[in-house]
Amino acid sequence: MIRAAVIGVGAIGRHHARVYTELENVELAAIADPDESRRAALANRYKIATYPDHQSLFEHERLDVVSVAVPTVLHHAVAMMALERGIHVLVEKPIASAVPEARQLIDAAAARGLTLTVGHVERFNPAVIELKRRINTGELGRIFQYQAHRLSPFPSYIRDVGVVLDLATHELDLMRYVVGSEVEHLHAETGRHVHHRHEDMLSGILRFGNGVVGVLDINWLTPTKVREARITGERGMFLLDYLKQEIYFYQNSQAPHDWDAMALFTGVGEGNMTKIFVNKVEPLQAQLRAFVDAAERHTPPIVSGGDGLRALALAELLIASGAEGRVINVAEEAARRGWPIAVGT
Ligand SMILES: NC(=O)c1ccc[n+]([C@@H]2O[C@H](COP(=O)([O-])OP(=O)(O)OC[C@H]3O[C@@H](n4cnc5c(N)ncnc54)[C@H](O)[C@@H]3O)[C@@H](O)[C@H]2O)c1
């Protein structure tokens with residue numbers, strides 16, 4: 001049995017704990033959280049050891065894998081201590097609160113041959129996986145634009161980071177993954193309307209190396225939760241609802257039927273709309289299963305530390321663009337800041 005622990009059992013960490021108890025080859029050994037009522041609730045439900053902080057957890061437990069689900073500013077310190085103890089780590093997204101911290105985590109895991117993965121859970125959303133499969137087979141033809149809307153009411157308990165690090169990092173990771181290219185330059189408008197310190201609104205534009213344009217509409221100001229993407233290409237548009245795990249395809253009736261004639265793309269007309277079947281699963285369960293498998297088999301995780309670093313770097317640059325009102329060339333700015341942002345390194 002793989003011995004697992006969860007550090008931080010708030011909104012998301014308590015689900016990590018539950019899912020570990022549902023995996024066949026995993027034993028949830030313990031959790032850590034300074035909040036006494038949260039500790040008591042889980043101790044009672046799962047009959048496990050609990051600790052008020054990560055240090056005492058590491059002192060008393062022999063662990064194989066750990067989920068780090070503490071507030072973002074603590075990701076680096078907690079994940080680093082786990083890696084130094086020889087434990088495989090899944091750190092919630094964003095990987096850390098600054099790029100150099102992310103780099104240190106990646107290096108520490110690599111030096112010890114440990115798995116480090118990041119909780120970009122939408123990669124395990126079956127609707128995203130189906131979308132990616134269809135895009136890979138060329139169903140959309142050339143992609144023009146990936147437009148993402150991730151909107152929520154204001155979560156008053158998130159005080160350490162703004163909406164760009166908290167929510168936009170999901171879409172930055174997904175866009176890189178689905179589009180299959182890296183961002184060359186970006187521009188953002190940001191706003192702070194409710195949060196005491198950080199931005200709570202982002203309108204961002206990204207230009208990928210393969211020409212795709214990414215559009216980010218992200219905020220904590222909308223009184224309902226929206227998680228949607230529209231991916232438009234030569235043959236039509238996919239509409240993705242991340243929450244419902246649904247995909248619709250809107251066909252461009254004027255797209256040439258012959259693949260070879262695609263170069264002759266001339267127009268757009270309204271065609272058939274199809275709802276695509278998606279076999280719904282809990283993304284978090286798929287994510288934790290993949291993490292444990294990668295740790296056990298020493299295979300590369302589906303979301304690497306490098307992926308987490310890239311999403312974080314782009315998020316930091318969007319914040320800078322919004323603050324300074326300028327278009328940012330990613331490679332130039334990364335070099336200027338001394339950021340090693342090549343993925344996989
Ligand atoms: N992947 C996702 O979809 C997703 C969703 C929600 C949150 N998150 C991420 O998960 C992290 C936690 O977010 P949340 O919404 O669960 O926050 P939260 O505030 O609800 O939970 C954080 C918990 O960590 C505990 N904590 C603080 N310091 C600790 C320490 N030293 N040791 C152990 N526990 C400690 C807090 O008491 C709290 O219970 C954030 O980084 C967030 O970005 C990811």
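Pro94 lies in the loop between strand 5 (88-92) and helix 5; helices (H or I, at least four residues) and strands (E, at least two) are DSSP runs, numbered from the N terminus. A cis peptide bond, with omega about -10°, links Lys93 to Pro94. The structure is a predicted model, in which local features need pLDDT of at least 70 and side-chain atom pairs count only at pLDDT 80 or more, while totals for chains, interfaces and linings use all residues. Residue numbers start from 1 along each chain as its sequence is written.

**Overall form**

- The protein chain contains ten helices and 15 strands.
- The protein chain has a radius of gyration of 21 Å, close to the 20 Å that the globule rule gives for 345 residues, so it is as compact as a globular protein of that length. The radius is taken over C-alpha atoms, and the globule rule is 2.2 Å times the number of residues to the power 0.38.
- The C-alpha trace of the protein chain spans about 65 × 45 × 40 Å along its principal axes.

**Domains**

- The protein chain is divided into domain 1 (2-120 + 284-310) and domain 2 (123-283), with bounds that come from an automatic or database domain assignment.
- The centres of domain 1 and domain 2, taken over C-alpha atoms, are 28 Å apart.
- In domain 1, 16 residues are in contact with twelve residues of domain 2; contact requires that the C-beta atoms of two residues, placed from the backbone, lie within 7 Å.
- On the side of domain 1 that touches domain 2, helix 8 (283-297) and helix 9 (305-324) each supply at least two residues. Helix 8 gives the largest share of that side, five residues.
- By class, that side of domain 1 has eight nonpolar, five polar and three charged residues. Here Ala, Val, Leu, Ile, Met, Phe, Trp, Tyr, Cys and Pro count as nonpolar, Asp, Glu, Lys and Arg as charged, and the others, Gly among them, as polar.

**Helix pairs**

- The axes of helix 5 (residues 99-112) and helix 9 come within 9 Å and cross at roughly 175°. Helix 5 is therefore roughly antiparallel to helix 9.
- Axes are lines fitted to C-alpha atoms, for helices over the stretch in contact, and angles run from 0 to 180 degrees between N-to-C directions. Angles under 35 degrees count as roughly parallel, over 145 as roughly antiparallel, 65 to 115 as roughly perpendicular and the rest as oblique.
- The axes of helix 6 (residues 126-136) and helix 7 (residues 163-179) come within 9 Å and cross at roughly 30°. Helix 6 is therefore roughly parallel to helix 7.
- Val128, Leu131, Lys132 and Ile135 of helix 6 make this contact with Leu174, Tyr177 and Val178 of helix 7. The contact has six nonpolar, no polar and one charged residues.

**Ligand surroundings**

- Among the 25 residues around the ligand, Gly8, Gly10, Ala11, Ile12 and Glu92 come nearest; a residue is near if its C-beta atom, placed from the backbone, lies within 6 Å.
- The shell around the ligand consists of twelve nonpolar, six polar and seven charged residues.

**A backbone detail**

- Gln245 is not a glycine, yet its phi is positive, at about 55°. Gln245 belongs to the loop between strand 12 (236-241) and strand 13 (246-252).
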